[in-house]
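These are my notebook entries on one structure. I looked up its parts in turn and wrote down what was found.

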Amino acid sequence: MIRMNGVVKRFGTKEVLSDVTFAVKEREVFGLLGPSGAGKTTIINILTNQLDADGGSHGIGVTPFETGLMLDEDGLYARLNCLENLNIFADIYKIPRSRSMEALKDVCLADAAKKPVNKLSNGMRQRLALARAILHKPKVMFLDEPTSGLDPGTARGIHKLINNLRDNGATVFLTTHNMEEAVKLCDNVALLHKGIIVERGAPADICRRYGAVKTVPDLESVFIKLTGVELE
Ligand SMILES: Nc1ncnc2c1ncn2[C@@H]1O[C@H](COP(=O)(O)OP(=O)(O)O)[C@@H](O)[C@H]1O
Ligand SMILES: [Mg+2]
């Protein structure tokens, strides 16, 4: 459903992605794990055609209209309320505005429908960004650090929503620097360090490859072993 083959990206003379290769199957939850600056957002930007690669090839098995995107910078209109923000998107995507309230219900924001975005907590704002990303029921979802900066309770809510997306047949591509989140949610992960994928596969398989068994703490130690840096 999603693939990259030998992708290279440079900003000026600095190579930020080197020979990045991976594939994500339909209905899989795939996690790109790496510290800040590893190249995670750049990979999403290339896959969603917001940025050109300097080498290699990549593709998605659905049309751009069938993909959803939740980014770090959420691009919500601060002075408009939740429902108005979603209605703008509904109009752009030419889907009925009735879908806006459904999406707010999906992320448990129905009660805040009339609240302006600049009055929302971080967690609510994140959920609204997710509601907007799922508004048109995309078949492929890109989530860039969907839970970064959120309290554990709100993060768990987002995790539940990600599992719902999968249950409804979507393919999910997420980035995170949280090992626990990756192990909990992802069928497969790729460990990214300085634009290079140092390992990939099912978390438990990666751990086993390095003689480790306790998935979460061991995946962390595998990461440190391979890169020399900690994730968080
Ligand atoms: N528009 C840009 N111009 C120059 N350098 C950039 C640009 N965008 C990202 N970079 C650099 O590319 C590297 C990867 O960035 P990014 O993909 O944002 O990493 P991550 O999302 O993993 O934190 C970083 O070193 C960052 O400074
Ligand atoms: Mg990023």
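I began with burial: a residue is buried if 20 or more other C-beta atoms lie within 10 Å of its own, exposed if 12 or fewer, and partly exposed in between, with C-beta atoms placed from the backbone. I noted that the model is predicted, that local features need pLDDT of at least 70 and side-chain atom pairs pLDDT 80 or more, while totals for chains, interfaces and linings use all residues. Residues are numbered from 1 along each chain as its sequence is written, and chains are lettered from A and ligands numbered from 1 in the order in which they are written.

**Entry: helix H8.** Helices (H or I, at least four residues) and strands (E, at least two) are DSSP runs, numbered from the N terminus. I looked up H8, residues 215–227, and found 13 residues reaching 18 Å from the first C-alpha to the last. This is close to the expected 18 Å, the expected span being 1.5 Å times one less than the number of residues. Its buried residues are Thr 215, Asp 218, Leu 219, Glu 220, Val 222 and Phe 223. I recalled that an α-helix has 3.6 residues a turn, so residues three or four places apart point the same way. The buried residues of H8 pack against helix H6 (179–185), strand E8 (188–193) and helix H7 (203–209); contact is counted when two C-beta atoms, placed from the backbone, lie within 7 Å. Just after H8, Gly 228 has a positive phi of about 80°.

Entry: Which residues surround ligand 1? I listed Phe 11, Val 16, Gly 34, Ser 36, Gly 37, Ala 38, Gly 39, Lys 40, Thr 41 and Thr 42, a residue being near if its C-beta atom, placed from the backbone, lies within 6 Å. Helix H1 (residues 40–47) supplies the largest share of this shell, three residues. Six of the eight residues of H1 are buried, so this helix is largely enclosed by the rest of the structure. I wrote down the buried ones as Lys 40, Thr 42, Ile 43, Ile 44, Ile 46 and Leu 47.

Entry: Strands E1 (residues 2–11) and E2 (residues 14–24) run antiparallel and are joined by seven bridges; two strands pair if DSSP finds at least two bridges between them. I found Val 20 of E2 as the bridge partner of Val 7. Two residues lie between the strands of this hairpin, where Gly 12 takes a positive phi near 65°. Gly 56 belongs to strand E4 (residues 55–60) and touches Met 4, Asn 5, Gly 6, Val 7 and Val 8, not counting residues up to four places away in sequence. Is Gly 56 buried or partly exposed? I found Gly 56 partly exposed, with 17 other C-beta atoms within 10 Å.

**Entry: strand E6.** Five of the five residues of E6 (residues 140–144) are buried. Val 140, Phe 142 and Asp 144 point one way, and Met 141 and Leu 143 the other way. E6 pairs with strand E5 (residues 67–70) in the parallel sense over four bridges, with Gly 68 as the bridge partner of Met 141. Strand E7 (residues 171–176) also runs parallel to E6, and five bridges join them. I noted Val 140 opposite Thr 171 in E7.
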